[in-house]
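Reader: Please go through the terms used for this model. I would like each label set against its definition.

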Amino acid sequence: MVERAFITGLKGTAITAEERAFLREASPAGLIVFKRNIANPHQLKELIEEFRGINGADCPVFIDQEGGRVQRMGPPHWPAYPAGAVYGELYREEPARGLRAAWLGARLMAADLISTGITVDCLPVVDVPVAGADQVIGDRAYGDTAHQVAAIAGAVAAGLQAGGVLPVIKHLPGHGRATADSHQQLPVVTADRATLEKTDFAAFVPLAAAPFGMTAHVVFTALDPALPATTSTIMIAQVIRGYIGFSGALMTDDLSMGALSGPIAERVRRSLAAGCDLILHCNGELAEMQEVAASCPELGGAARVRTARALASRRRPEAIDVEAARADLVQLVSGRAGAATG
């Protein structure tokens, strides 16, 4: 089965007959699940098993599981985890403590994910927020300096990988300076290139070898005054692949977000032409899913090589005493808001 170059969502907690036919015909390169797809662990595992029965046993399943306010799997079936900012606070007090907590949180989330069949997490968040920026990143960020964000993001990525889950660094080349929420409208960043290279872009450089990366629907006027990074050849070639040196498989942020304009098929074509390897489409609307599939070629060439290399880098989960690790994490965060709750 040759996959098409897109990752799809689904509408609900079970695959409908129409979606089943779509998956067989379209052959997406992966599935992404959201809260609307999750009722309980048994149901989620069955959904993923059915998807893989249609699209192949090794087909990756993605999720946005960060902790804090972005947590698709949560109580009562799974623990709540700290927001990224909690690790940042710990790091400022004692770097080793912050890094250990970040690694543990990610390792424990990986255990939750892998038990259901989820193999890729859209984490870590490598965005560096600035004063006055929109709160769409906010407490999801690990700090306000490139060095701290990169350090904690590296620990999170390592924790996921130790648990057999692949990380996705986001949002390349930086969403922290945006003054609008790209879910609703297109953010425009006017900072000069030198400033961006010292802050926003710099945080991603130490993670350039990550298996997957996700683009930002953000315009950077100093480099491309017209197009967001997702559809900008300049941003992808000169910054993401160039200055940052990202070598993994590059996926778009969700193409159904309000930051992008034009028909969904045109968004797909522009993103692929700009240099994205994989299209991400999340809303589960079948008509749009069909447009995405019709506009996506088979996954081939360098995109296929990078995607195959990313998937092949997934490791067997290392042994962990989950209960002891949860207790360690709670102790590390010392009762701060957003602590893991077991």
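Author: Strands S7 (residues 166-172) and S9 run parallel and are joined by four bridges. This is a predicted model, in which local features need pLDDT of at least 70, side-chain atom pairs count only at pLDDT 80 or more, and totals for chains, interfaces and linings use all residues. Residues are numbered from 1 along each chain as its sequence is written, and side-chain values use heavy atoms, with hydrogens and water left out.

Reader: What makes S7 and S9 a pair?

Author: Two strands (E runs in DSSP of at least two residues, numbered from the N terminus) pair if DSSP finds at least two bridges between them. S7 and S9 have four bridges, so they pair. Leu 172 stands opposite Thr 215 in S9.

Reader: Why is S11 called a partner of S9?

Author: Three bridges link S9 to S11 (residues 249-251), in the parallel sense; the definition asks for at least two, so this is a pair. Phe 212 has Ala 249 in S11 as its bridge partner.

Reader: Which residues of S9 point which way, and are they buried or exposed?

Author: From S9 (residues 212-215), Phe 212 and Met 214 point one way, Gly 213 and Thr 215 the other, and all are buried. Buried means under 20% relative accessible area, exposed over 50%, and partly exposed in between (1.4 Å probe, protein chains only).

Reader: How confident is the predictor, on average, in the protein chain?

Author: The mean pLDDT (the predictor's confidence in each residue, from 0 to 100) is 95, and 97% of the residues reach 70 or more.
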